[in-house]
Amino acid sequence: MLNNLFGNKSIEKILLFLLVNDKGYPSQLHRMLQTPLTPLQKGFERLEKGGILASHYEGKTRIYHFNSSYPLLNELEHLLKKAFSCLPPSERKCYAYLSDLGGKNAKQSRDLLYLVYNQLQKITE
């Protein structure tokens with residue numbers, strides 16, 4: 001939907017993923033969205049170079065997030081929320097990162113899913 005505006009589909013996926021999850025890294029999106037890794041890496045670098053994203057390291061992993069000092073951040077987030085709300089539900093759920101639920105009891109899993117559901121609802125409002 002926004003790939004014409006941003007120049008390619010990878011940038012759109014990166015921005016929507018970060019809107020939903022607040023932070024992420026290229027190989028995480030590669031695994032979740034089954035998208036080629038190289039365009040994602042280049043997209044993250046391009047967005048950081050443009051000042052839209054910032055990054056930090058957690059161990060050896062470079063974690064990206066929206067740059068809070070980007071002057072058009074509120075407008076960008078508003079545009080992304082609108083685009084996200086137009087996605088079909090099956091595509092929306094692809095953007096929600098769920099940590100591994102293995103070994104957790106049913107109540108913890110339910111609580112985590114409820115949290116994700118609320119996060120997605122907040123975005124589409």
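This is a predicted model: local features need pLDDT of at least 70, side-chain atom pairs count only at pLDDT 80 or more; totals for chains, interfaces and linings use all residues.

Begin by selecting Glu12, which is buried because its relative accessible area is 2%, under the 20% limit for that class. This residue belongs to helix α2. Glu12 and Gly43 are 31 residues apart along the chain, and their C-alpha atoms are separated by 9.3 Å.

Remain in helix α2 and select Ser10, which also has its place there. Is Ser10 buried or exposed? Ser10 counts as buried, since its relative accessibility is 10%. Display its surroundings next: leaving aside residues up to four places away in sequence, Ser10 touches Thr35, Pro39 and Leu40.

Now move to helix α3, residues 26-33. Select Pro26, Gln28, Leu29 and Leu33, the buried residues of this helix. They cover an arc of only 160 degrees around the axis, which places them on the same side of α3. Which elements do these buried residues pack against? Colour α2 (9-21), β1 (23-24), α4 (37-49) and β3 (61-66) to see the partners of the buried residues of α3. Then select Gln34, which follows α3 and has a positive phi, near 50 degrees.

The next stop is helix α5, residues 73-86. Draw the distance between its end C-alpha atoms: the value is 20 Å. This agrees with expectation, because 14 residues at 1.5 Å a residue should span 20 Å. Within α5, select Leu73, Leu76, Leu80, Ala83 and Phe84, which are buried. These residues cover an arc of only 100 degrees around the axis, so they lie on the same side of α5. An α-helix has 3.6 residues a turn, so residues three or four places apart point the same way. Turn the view to the other side of α5, where Asn74, His78 and Lys82 are exposed.

Select Cys86, which is partly exposed because its relative accessibility is 45%. Then select Cys94, likewise classed as partly exposed, with a relative accessible area of 35%. How many disulfides does a search of the whole structure find? The search finds zero.

The protein has 125 residues, of which 34% count as buried. Its accessible surface comes to about 7,800 Å², and 53% of that surface belongs to carbon and sulfur atoms. Of the contacts between residues at least 6 apart in sequence, 52% join residues at least 24 apart.

Colour by pLDDT as the last step. The protein averages 85, and 84% of the residues score at least 70. Where is confidence lowest, and where is it highest? Confidence is lowest in helix α7 (residues 106-124), with a mean of 67, and highest in β3, at 97.

Note on methods
Residues are numbered from 1 along each chain as its sequence is written. Side-chain values use heavy atoms; hydrogens and water are left out. Helices (H or I, at least four residues) and strands (E, at least two) are DSSP runs, numbered from the N terminus. The expected span of a helix is 1.5 Å times one less than its number of residues. Buried means under 20% relative accessible area, exposed over 50%, partly exposed in between (1.4 Å probe, protein chains only). The arc is that of the directions from the helix axis to the C-beta atoms. Contact means heavy atoms within 4.5 Å. Accessible areas come from the Shrake-Rupley method with a 1.4 Å probe; for residues, only the protein chains shown count as cover. pLDDT is the predictor's confidence in each residue, from 0 to 100. A disulfide is a pair of cysteine sulfur atoms within 2.5 Å.
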